[in-house]
Structures are given as C-alpha cells and as structure tokens.
Amino acid sequence: MTVTVLLFASYADTLGKNQLELDLTSGATVSDLLGHVRAMPGAGRLPPEPLVAVNERYAQRSQVLAPGDEVAIIPPVAGG
Amino acid sequence: MRSTLTDRPIDTGALIAEVSRAGNGATLLFIGTVRDVNDDRPVTGIEYSAYRSMAEREMADIVREAGEKFETNDIVVEHRLGELMLGEASVAIAVAHARRGAAYEASRYVIEQLKKRVPIWKLEHYLDGTREWVGAGGQRVAESVR
C-alpha cells in the first residue's frame, strides 16, 4: 500500500524534500514507516522519537496505517 | 468563535470588535510579537510556516475547548504566516466574557495550547545573515540552513 509522507521545516531541510510516497506492507504501523524514513539519506539527523500525525491527528507509534494515509513527521512546534 | 491562519497583517482592533457584546464585562487582547533577541542573538525577522490544514484544525479545536471550558463563545484567534519584521504581531487572541477571571484563563489556555499543539514553525533571521529553525522553548533544532 502507498502512503504519503509530509516533511516540514528542519526535517524537510534535513531530508531535502517536503513530500514523498512510501510503499509499505499491509498492516504497517507509524513505527514501521519511521524505520523506512530513517533509512533515507540525510535522515540521521531526525530525533529518535519525532512527533507524527496521521491524517492531521497526532498519532501513536503503534497506529496501523491504511492505504492513502497522509503521515506528517512534525518538528518541535514553535507557533506564537 | 473563530480561528484563522493569515498571510496578511493582523487587524487587532477588528478582533476586539468581533468579540464585543453588551453581556461581556471583560475583554482581553493578547498579542504575540516578533522579538529582537533570542538566545542572546540579535534577530532581524522571522519566517513562519505551517502544516496548514492541520494547524487550522488544531486551532479550531483549541478555541472550541476553551469555549466549553470557560463558557464563552467570544474567542477569536489569528496566527500570521510568512515573513514578519520586528515588532509585528505573529498571533493575536481576543477573548470576551461576562467575568474577567474566566477571560484571563481562557486567553491563557488558548496561547499555551497553541504553542504546544499547533504545527507552526519559525525560521529566525539573525543580524549576521544566518537563519535557523527554532524549536519549542527557543531551543535551536537545526544547524544553519544558509
């Protein structure tokens, strides 16, 4: 199944892109997705436990993904 | 109740007008502005960016929560995105309530939750020409991107 990964701010700079498509096996979790992202060039500077949102909601590592999900890896927020 | 992300300067007077009603005995306006120093480094401006759709949803949730918790519908929040100069308003929160105590608490709730949950980031521009992403608590999270 394919999911869309969104990257922002410092994470987008680190990975050199702000969006990518990942092909994952059915039943893959947020944790599995992070493992794939971590294997990419430049991902060494991602923190061990980045915040993740699935379809615009903050998500746990154990959340199971569905085809077409939009998964955002969220740097420390700094609004205000 | 309203929350908005905007690319244009925030009209704080309009926010106050929007929450004003005869039944409200207290009206508060909080304005967050771009500061000239962070971590002892002279700042010349800040570029705000967001995960726009999620940020809008989180802001709407926060305003609704504050409304339920403190029993008022008169809460308006605007957050600016894009390039801001020193002294410009990055965020403004107008709250009106029958009583001042609840108005202060609701205003505080909105700004604290916003800083915790809303996916907005700032790229600080420094006097020496460098730029860095700023994390929660003013901590720098990445090396210079320049």
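Colleague: Leaving aside its neighbours within four places in sequence, which residues is B:Val95 in contact with?

Modeller: Two residues are in contact if their C-beta atoms, placed from the backbone, lie within 7 Å. By that criterion, and leaving out neighbours within four places in sequence, B:Val95 is in contact with B:Val19, B:Leu28, B:Thr72, B:Asp74, B:Ile75, B:Ala103, B:Ala106 and B:Ser107. Before going on, note that this is a predicted model, in which local features need pLDDT of at least 70 and side-chain atom pairs count only at pLDDT 80 or more, while totals for chains, interfaces and linings use all residues. Residues are numbered from 1 along each chain as its sequence is written, and chains are lettered from A and ligands numbered from 1 in the order in which they are written.

Colleague: Which residues of the largest nonpolar core touch the most other members?

Modeller: A nonpolar core is a set of buried Ala, Val, Leu, Ile, Met, Phe, Trp, Tyr and Cys residues joined through C-beta atoms within 7 Å; a residue is buried if 20 or more other C-beta atoms lie within 10 Å of its own, exposed if 12 or fewer, and partly exposed in between. Here the largest such core has 52 residues, of which B:Ile75, B:Val95, B:Val110 and B:Ile120 touch the most other members. Helix 2 of chain B, residues 52-70, gives the largest share of this core, seven residues.

Colleague: Is B:Glu112 buried or exposed?

Modeller: B:Glu112 is exposed, because 12 other C-beta atoms lie within 10 Å. Its place is in helix 3 of chain B, residues 100-117, where helices (H or I, at least four residues) and strands (E, at least two) are DSSP runs, numbered from the N terminus.

Colleague: How many helices and strands does chain A have, and in which order do the strands lie in the sheet?

Modeller: As a general idea, strands of a sheet pair through backbone hydrogen bonds, either parallel or antiparallel, and two strands are taken to pair if DSSP finds at least two bridges between them. Chain A has two helices and five strands, which run β-α-β-α-β-β-β from the N terminus on. The five strands form an open sheet in the order 2-1-5-3-4, with mixed pairing. Strand 2 and strand 4 (57-58) of chain A stand at the edges, each with a single partner strand, so one side of each is left without a neighbour in the sheet. Strand 1 (residues 2-7) of chain A is joined to strand 2 of chain A by five bridges, running antiparallel, and A:Leu6 stands opposite A:Gln19 in strand 2. Among the five residues of strand 2 (residues 19-23) of chain A, the count of buried residues is zero.

Colleague: Where does A:Asn55 lie, and what is its phi?

Modeller: A:Asn55 is in the loop between strand 3 and strand 4 of chain A, and it has a positive phi of about 50 degrees although it is not a glycine. The flanking strands, strand 3 (residues 51-54) and strand 4 of chain A, pair in the antiparallel sense over two bridges, with A:Arg57 as the bridge partner of A:Val54.

Colleague: How many residues of chain A are in contact with chain B?

Modeller: On the chain A side there are 15 residues, in contact with 25 residues of chain B. Helix 1 of chain A gives the largest share of the chain A side, three residues.
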